[in-house]
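Morning, everyone. Please look at the structure on the screen while I talk.

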Amino acid sequence: MSNNSASNSSLALAQKAVKQLRLEASVRRIKVSQASAELKNFCLQNANKDPLLMGVPSSDNPFRPPKSCVLL
Amino acid sequence: MRSPLSPEMATQEVPLNETLAHLKTESETLKLKLEEERAKLHDVELHQVAEKVEGLGQFVMKTRRTLKGHGNKVLCMDWCKDKRRIVSSSQDGKVIVWDAFTTNKEHAVTMPCTWVMACAYAPSGCAVACGGLDNKCSVYPLSLDKNENLAAKKKSVAMHTNYLSACSFTNSDMQILTSSGDGTCALWDVESGQLLQSFHGHAADVLCLDLAPSETGNTFVSGGCDKKANVWDMRSGQCIQSFETHESDINSVRYYPSGDAFASGSDDATCRLYDLRADREVAIYSKESIIFGVSSVDFSLSGRLLFGGYNDYTINVWDVLKGTRVSILFGHENRVSTLRVSPDGTAFCTGSWDHTLRVWILMC
């Protein structure tokens, strides 16, 4: 009996694996050129609003207080 | 001619062996087909498409705050939506909530276990979740009364059968997503502790997860010791896409801001970018001189920069489009274990085995 249940579970696992692969194979895909172009466009369109890319004035950056003191 | 397989026949040995062999062959055929289909659409490299994009100049990023107070390795951190508070967790069992502007500690909790590998801030800012070697994820409501013992209101939400590696609230305080050394991810209702959905498919410990930006719908990505990054449908529990190109454990995964791609960081010393619509890896961020594993990755707001925290104590900053490194940052005195960009993108925070957290900004 235990032989059968072990065999049944490897069968179930194999069926599951095939089902999963069928699902993944059926995914609709686009060309890398198109996908890359869209990634590039997103970067460029949002570049100006990216503080770690462009920087923001000191007054707008909470971690960088405006220069107000002079070290003598 | 064989009759169709019926449940009774499945228990007989001869048809079973033939069926298993048949399934294995189909499995191999499907894997090959998958690779073929992906390869057909691989007409160009991302950096080629980005050739005409202006290169990034010199980048000077510096530490503007150092958060000291943990007594041992910092393992995880998360930002509050208010862009100033941070929660961090440590090997010594302590979870601390900081005001990163002032560096003051606002709350501290001692967990009943060591190695608190995961922590997360609730979207409302009113609670934090954490867990680790206790195999659980617990939620602590944050009290305005600094004298109140937070541990008293603790709520145990998730229960795994091995360590908790990562946790994240979904878009509300009501649900938490967890990943575990037991090889699964799970979605939980915070109030009742009920398991809403479980995600099976990784063949080994799951080390990290990230939720898709809310506009993109109900999916999340996870990475594991099986070298796979899996994308999941949160409602059905189904794995909808799977990527296996890393050569070692995947320690960190993070969605690109548009939700169309995600980056990963691995013990194989590389970061990689996977595009979800092309269904393949589209960039590798690596250098021969970088030989230590990546523990954590995150994007800047526009997705142009990818920050990686490494086990060689450094942070490497990559130009996502061109595939080149734009900066290397020094400062930590031990492994960088966790890294997150702030919600408004003005800064990023790193946590390290040197017991400290650092907040970095661009100097210009």
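First, a definition of residue classes: Ala, Val, Leu, Ile, Met, Phe, Trp, Tyr, Cys and Pro count as nonpolar, Asp, Glu, Lys and Arg as charged, and the others, Gly among them, as polar. We will need that for a pocket.

Now the ground rules. This is a predicted model, where local features need pLDDT of at least 70 and side-chain atom pairs count only at pLDDT 80 or more, while totals for chains, interfaces and linings use all residues. Residues are numbered from 1 along each chain as its sequence is written, chains are lettered from A and ligands numbered from 1 in the order in which they are written, and side-chain values use heavy atoms, with hydrogens and water left out.

Start with the two chains. How many residues of chain B are in contact with chain A? The number is 66, and they touch 45 residues of chain A. Contact means heavy atoms within 4.5 Å. The two chains bury about 4900 Å² between them, and 69% of that is on carbon and sulfur atoms. Buried area is the accessible area (1.4 Å probe) that two parts lose on being put together, summed over both. On the chain B side, B:Leu41, B:Arg277 and B:Ser302 supply 12% of the area buried against chain A, more than any other three residues.

Next, the second largest pocket. A pocket is an open set of points on a 1 Å grid over the protein atoms alone, with protein on both sides within 12 Å along at least five of seven lines; lining residues have an atom within 4 Å of a point. This one holds about 980 Å³ of space, the volume being the space filled by probe spheres set on the points. Its lining has 33 residues, and A:Gln20, A:Leu21, A:Glu24, B:Lys228 and B:Ser242 lie nearest the centre. By class, there are 11 nonpolar, 11 polar and 11 charged.

Last, a sheet in chain B. Strands are DSSP runs (E, at least two residues), numbered from the N terminus. Two strands pair if DSSP finds at least two bridges between them. Four strands form an open, antiparallel sheet in the order β18-β19-β20-β21. Which strands are at the edges? They are β18 (250–255) and β21 (280–285), and each pairs on one side only. β18(B) and β19(B) (residues 261–266) pair over five bridges. There, B:Val253 stands opposite B:Ser264.

Conventions:
1 Å grid on protein atoms, 1.4 Å probe; cavity = no way out; pocket = protein on both sides within 12 Å on 5 of 7 lines; lining within 4 Å.
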